[in-house]
Amino acid sequence: MKLFQQLLVAPAALGLLAPVAASAAELNINGVSDYAASGEQVTSISQFSDVYPTDWAYQALSNLIERYGCVAGYPNGTYRGQRAMTRFEAAALLNACLDRVTEVTDELKRLMAEFEKELAILKGRVDGLEARVGELEATQFSTTTKLKGKTTFVIGANSFGGDATVVGQYGISTKSDSSPFSPFFGIGKNKKMAATANENLGAAVFNYDQQLELLTSFTGKDLLKARLRTGNFQNSAFGFSASTGIASPFGGTYTTASGMEAAFEEGTTGNAIIVDRLFYQFPLGSDFTVTAGGQVRQDDMLAVWPSAYPADTVLDFFTYAGAPGTYNLNLGSGAGIWWQKDAFSISANYVSSNGNTTDPTEGGIATDASSGTGTVQIAYAKDNWGLAAAYNYSSENFGNMYQGTATPLATQVGSLGNTNSVGISAWWTPENSGWVPSVSLGWGLNSTSGADGATLSGYEFDSATTQSWYVGLQWADVFLKGNAAGMAVGQQGFVTALDLSGNGTGLGSSSQAEDSLVRDGQYAWEWWYMFQVTDNISVTPAIFYLSRPLGAATQNETFNQFGGLVKTTFKF
């Protein structure tokens with residue numbers, strides 16, 4: 001018998017011979033005759049009436065029958081697996097199995113001869129692949145790190161309209177401000193705010209954002225993430241710091257309310273490379289995940305992002321699940337942990353955007369100047385739907401509160417004290433693409449308590465309540481597979497209640513000032529269609545409309561913004 005035949009049969013033979021304890025005196029010639037004379041080999045283990053799935057050798061016996069067909073039983077349909085095996089019985093079984101192995105081997109030889117050329121070609125290809133893999137391993141950047149990138153181009157323009165005129169001293173639109181002692185004198189008597197905004201932000205622009213991510217795993221389950229970023233949205237209406245040229249009573253001029261998600265946290269200097277992320281994430285046991293880093297964002301430490309909208313982002317506001325106060329995406333030094341089991345999850349994290357500063361009057365961790373946020377989220381997320389509730393505490397000096405996602409008044413009051421925020425979100429996606437869209441809903445409520453000495457328009461600021469909400473609809477595989485369309489409507493953060501005291505000027509009593517300033521509501525819309533050109537390239541034309549981006553500053557007149565753009569995204 002050839003060596004490889006012996007190797008094939010040895011495990012089965014040893015398994016069957018292991019329980020053999022019979023000596024020559026125990027030999028049962030009649031039993032051997034019955035075993036050998038049973039005639040036909042069995043074809044299924046179910047033919048044995050005394051063999052059960054609970055038997056310890058059930059699977060081994062089943063394999064011998066089904067693969068080799070070399071097991072026979074006794075004439076009465078039994079196998080008698082509990083009975084000791086004689087050497088003659090073992091020899092009969094082994095001989096039957098060797099005959100079958102020989103048959104299989106001859107067939108394999110025939111097939112190998114028939115496909116000799118094809119096997120040689122395959123062997124050559126395998127050798128070539130091994131050589132290429134060896135070369136890649138020798139020259140690769142890292143055995144533990146992957147490089148991912150995303151490049152975003154945005155071409156677009158904005159147009160401002162409405163009949164609101166120059167902003168008065170207390171943030172209320174007026175027909176003119178002709179006093180030479182007014183800080184707004186010189187903007188132009190009866191000059192339309194829209195004209196001023198168009199002069200400053202009316203040109204067509206071409207902006208870009210570039211992100212490179214280094215994703216490192218040392219165990220296969222952990223993640224060290226570093227992201228480098230640069231771009232030039234700083235002076236664009238699609239960014240967050242471009243000036244409208246319209247003076248603000250809170251100092252300086254109003255900035256844009258049409259910032260795109262692609263420009264969020266891009267940095268203050270155009271074309272400068274910054275470290276946008278640097279954190280380490282690892283599992284703790286089977287249900288917990290821990291995240292910590294010197295440049296980590298709030299959502300990096302949440303087990304669930306509570307929205308199915310959008311597949312491709314346009315306005316930044318619609319990427320906060322309707323609650324930009326709660327999901328404020330604070331970025332800085334932080335740590336967090338989440339527990340996740342089945343569909344349930346609980347997340348908790350803390351971020352200090354000034355956590356790299358040792359002077360406690362300017363920063364640090366958990367100081368008055370830390371610009372810190374603490375977040376707790378409870379979520380239940382199935383494959384195509386989910387619910388989430390979150391609470392956030394933001395310290396007085398949190399500088400990113402409502403950045404580009406609220407009216408100027410809401411942004412101002414959010415910086416005047418500590419803020420407690422709650423966000424409730426829900427989402428659902430259809431199992432199959434079609435005319436029925438996915439639906440995402442979110443609502444946020446924020447309460448700010450005024451710090452000592454805080455003032456607003458000359459009045460003592462005691463507290464304020466702000467709210468926000470959105471509804472996002474998204475269709476998958478629109479016209480062509482892989483393409484998507486979406487629209488969203490909502491209200492960016494706006495003031496719904498104010499508590500002022502003292503004697504201010506210009507707006508009457510504190511109660512009159514409260515009544516005037518709480519008329520802060522506005523609406524935002526966006527519509528987009530994403531062409532998935534290839535797996536790595538998408539082109540998204542989009543339009544958006546802001547009904548009243550300055551909120552209470554234009555309560556008696558109109559001021560609006562319309563924008564259109566084409567966004568192209570390259571992923572690699």
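1. Glu213 and Lys225 are both buried, where buried is under 20% relative accessible area, exposed is over 50%, and partly exposed is in between (1.4 Å probe, protein chains only). Their side chains meet in a salt bridge at 3.4 Å, N to O; the criterion there is a side-chain nitrogen of Lys or Arg within 4 Å of a carboxyl oxygen of Asp or Glu. The pair links distant parts of the chain, with Glu213 in strand 2 and Lys225 in strand 3, 12 residues apart. Strands here are DSSP runs (E, at least two residues), numbered from the N terminus.

2. Some ground rules before going on. This is a predicted model, so local features need pLDDT of at least 70 and side-chain atom pairs count only at pLDDT 80 or more, while totals for chains, interfaces and linings use all residues. Residues are numbered from 1 along each chain as its sequence is written, and side-chain values use heavy atoms, with hydrogens and water left out.

3. Back to the charges. The structure holds 12 salt bridges. Salt bridges that share partners tie Asp209, Glu213, Lys225, Arg227, Arg229, Asp276, Arg277 and Asp300 into one network. Side chains of opposite charge can pair when their charged atoms come close.

4. Arg229, a member of that network, is worth a click. Arg229 sits in strand 3 and counts as buried because its relative accessibility is 4%. Its side chain also reaches the backbone oxygen of Phe264 at 2.7 Å; a polar contact is a pair of N or O atoms within 3.5 Å, where, within protein, one must be able to donate a hydrogen and the other to accept it, and residues adjacent in sequence count only if both atoms are side-chain atoms.

5. Two other salt bridges to look at. Lys341 pairs with Asp287, the closest N and O atoms being 3.9 Å apart. This one links distant parts of the chain: Lys341 is in strand 8, Asp287 in the loop between strand 6 and strand 7, 54 residues apart. Lys341 is partly exposed at 42% relative accessible area, and Asp287 is partly exposed at 22%. Asp299 and Arg297 form another, with closest N and O atoms 2.8 Å apart; Asp299 is partly exposed at 22%, whereas Arg297 is buried at 10%.

6. Now the strand pairing, for which DSSP must find at least two bridges between two strands. Strand 1 (residues 145–161) runs antiparallel to strand 2, joined by 12 bridges, and Thr145 stands opposite Thr216 in strand 2. Strand 2 is also antiparallel to strand 3 (residues 223–231), through eight bridges, with Gln211 partnered by Arg229. The hairpin of strand 2 and strand 3 has six residues between the strands, and in it Gly220 takes a positive phi near 95 degrees.

7. Strand 17 and strand 18 form a hairpin with four residues between them.

8. What about nonpolar packing? The largest nonpolar core has 25 residues, of which Phe238, Phe318, Trp528 and Leu565 touch the most other members. Strand 16 (484–501), strand 17 (524–532) and strand 18 (537–546) are the elements giving two or more residues to this core. Apart from it lies another core of 16 residues, including Ala406, Phe461, Leu500 and Ala513. A core here is a set of buried Ala, Val, Leu, Ile, Met, Phe, Trp, Tyr and Cys residues joined through side-chain atoms within 4.5 Å.

9. Two buried loop residues deserve a look. Asn330 lies in the loop between strand 7 (288–297) and strand 8 (331–341) and is buried at 0% relative accessibility. Its side chain reaches the backbone oxygen of Val351 at 3.2 Å and makes a polar contact with the side chain of Thr373, also listed at 3.2 Å. Leu550, in the loop between strand 18 and strand 19 (560–571), is buried at 5%. Leu550 and Gly521 are 29 residues apart in sequence and 9.2 Å apart in space, C-alpha to C-alpha.

10. Finally, the surface. Ile273, in the loop between strand 5 (253–255) and strand 6, is exposed at 66% relative accessible area.
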